[in-house]
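Reader: I have a sequence and a model open on my screen. Could you walk me through the fold, one question at a time?

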Amino acid sequence: MLATTFATIFGTTDQTIPESEYQFMAHIAQNGLRYATKAEYQFRLNLFQEKLAFVEEWNADSNNTHTLEMNQFAAWTQEELAQLTGYKPEMNPIGGMEAE
């Protein structure tokens, strides 16, 4: 049912949806997210999948002393995350300003 609904909404004919995309759809539902265009959905899906692959690879390595989890920021860019912290590149005396 979900695959049929997805195919109808996004105009796909392929009924095979990767597990990571189902996880992304759950992420959208859990966090009350909405994307206005197919392009935005695809962009965010790619971010999510990259981060999911990193988390899964990290957690599979028995040498790591802790595990990682996906969270509400899993489909955000580095720039969006930096805005949360108030980071301002121009305030960085080392790398934020280009030499004249």
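Author: Happy to; the ground rules come first, and your questions follow. This is a predicted model, in which local features need pLDDT of at least 70 and side-chain atom pairs count only at pLDDT 80 or more, while totals for chains, interfaces and linings use all residues. Residues are numbered from 1 along each chain as its sequence is written, and side-chain values use heavy atoms, with hydrogens and water left out.

Reader: Which pattern does the protein chain follow along the sequence?

Author: Helices (H or I, at least four residues) and strands (E, at least two) are DSSP runs, numbered from the N terminus. On that basis the protein chain has four helices and zero strands. Read along the sequence, the pattern is α-α-α-α.

Reader: How are α2 and α3 placed relative to each other, roughly parallel or roughly perpendicular?

Author: Their axes (lines fitted to C-alpha atoms, for helices over the stretch in contact, with angles from 0 to 180 degrees between N-to-C directions) come within 10 Å and cross at roughly 110°. Angles under 35 degrees count as roughly parallel, over 145 as roughly antiparallel, 65 to 115 as roughly perpendicular and the rest as oblique. The helices α2 and α3 are therefore roughly perpendicular.

Reader: Is A75 buried or exposed?

Author: A75 sits in the loop between α3 and α4 (78-85). Leaving aside neighbours within four places in sequence, A75 is in contact (heavy atoms within 4.5 Å) with F24, H27, Y35, R44, L47, F48 and E80. Its relative accessibility is 2%, so A75 counts as buried.

Reader: How far apart in space are A75 and F48, C-alpha to C-alpha?

Author: F48 is among the residues that A75 contacts. The two are 27 residues apart in sequence, yet the C-alpha to C-alpha distance between A75 and F48 is 4.7 Å.

Reader: What is the relative accessible area of T77?

Author: T77 also lies in the loop between α3 and α4. Apart from neighbours within four places in sequence, T77 is in contact with F43, R44 and L47. T77 is buried, and its relative accessible area is 15%.

Reader: And Q23: is that residue buried or partly exposed?

Author: Q23 is found in helix α2, and, neighbours within four places in sequence aside, Q23 is in contact with F48 and L52. From Q23 to L52 the separation is 29 residues in sequence and 9.3 Å in space, C-alpha to C-alpha. At 27% relative accessibility, Q23 counts as partly exposed.

Reader: How many residues of α4 are buried?

Author: For the protein chain, buried residues make up 20% of the 100 residues. Helix α4 is hardly covered: among its eight residues, the count of buried ones is zero.

Terms used:
Buried < 20%, exposed > 50% of the residue type's maximum accessible area, 1.4 Å probe, protein only.
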